[in-house]
Amino acid sequence: MIDRSYKACIFDLDGTLLDSMGVWRYVDEVFLGKRGLPFTEEYARAVSFMKLNLAADYTVELFGLDEKPEDIIKEWLDLARHEFTYNIQPKPYGVEYIRLLKEKNIPIAVATSSQKELYMPALKRIGIFELFDVIMDSDKIDCGKDKPDIFVKTALALGVKPEECLVFEDTVNGILSAKSAGFVTVGFLDEHQPQYREELIKNADCTAANFKEFYEELAAQACV
């Protein structure tokens with residue numbers, strides 16, 4: 001188990017705080033299917049930690065598409081926007097944990113490669129958008145989560161050292177890059193990504209499928 005005497009928390013969104021990875025798989029399958037291209041786990045893994053512009057460039061090059069990256073991004077966003085706005089739900093105990101962290105005055109942040117037009121409606125609908133001290137998204141960082149920049153920049157904005165901060169993340173690349181910068185990592189085992197389970201267990205400081213244990217431990221501290 002990890003030391004839970006942390007001073008701040010950084011949350012990924014897709015597949016971690018939000019139960020949304022099924023949407024992105026749906027987007028990938030529909031997009032590739034319209035072009036007669038097969039969906040593969042390798043492709044899904046490659047684009048899962050990229051910003052949309054990088055994922056679009058990668059997709060054009062990989063499949064030799066005669067399409068503009070900006071048109072691909074628009075198609076992806078159109079497919080995903082409705083689901084985020086109306087249907088996406090938080091992972092179990094996610095909202096309760098966020099609210100309790102806020103009550104305990106523990107700084108909390110989002111570090112996501114997603115775009116604001118997607119995540120903001122979802123976070124507002126479930127009632128936690130205004131609770132975050134920092135939101136670091138694809139508009140504020142130039143690289144994906146294969147590098148630790150987004151986590152380092154977020155920690156600086158929170159005013160904490162990496163070793164004082166929990167990073168909740170569902171991608172192996174995100175876990176590895178966060179660990180390389182000294183963060184304490186929690187690998188989220190998303191049911192839509194079982195192929196990454198063993199690597200997450202191997203590389204993260206600990207793993208979880210929801211926030212129940214973290215919420216209950218923090219709630220118990222409040223009663224001591």
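Some housekeeping. This is a predicted model, where local features need pLDDT of at least 70, side-chain atom pairs count only at pLDDT 80 or more, and totals for chains, interfaces and linings use all residues. Residues are numbered from 1 along each chain as its sequence is written, and side-chain values use heavy atoms, with hydrogens and water left out.

Now the pairing rule. Rings of Phe, Tyr and Trp (for Trp, its six-membered ring) pair if their centres lie within 6.5 Å; planes under 30 degrees apart are stacked, over 60 edge-to-face, and the rest tilted. That rule gives 17 aromatic pairs.

Take Tyr 93 and Tyr 215. Their ring centres are 5.7 Å apart with planes at 40°, so this pair is tilted. It joins distant parts of the chain, 122 residues apart: Tyr 93 sits in the loop between helix 4 (69–86) and helix 5 (94–103), Tyr 215 in helix 10 (residues 212–223). Helices here are DSSP runs of H or I, at least four residues, numbered from the N terminus.

On accessibility, buried means under 20% relative accessible area, exposed over 50%, and partly exposed in between (1.4 Å probe, protein chains only). Tyr 93 is partly exposed at 30%, and Tyr 215 is partly exposed at 25%.

Next, Tyr 97 and Phe 214. Their centres lie 6.1 Å apart and their planes are at 45°, so this pair is tilted. Tyr 97 is in helix 5 and Phe 214 in helix 10, 117 residues apart. Tyr 97 is buried at 0% relative accessibility, and Phe 214 is buried at 2%.

How values were computed
Helices (H or I, at least four residues) and strands (E, at least two) are DSSP runs, numbered from the N terminus.
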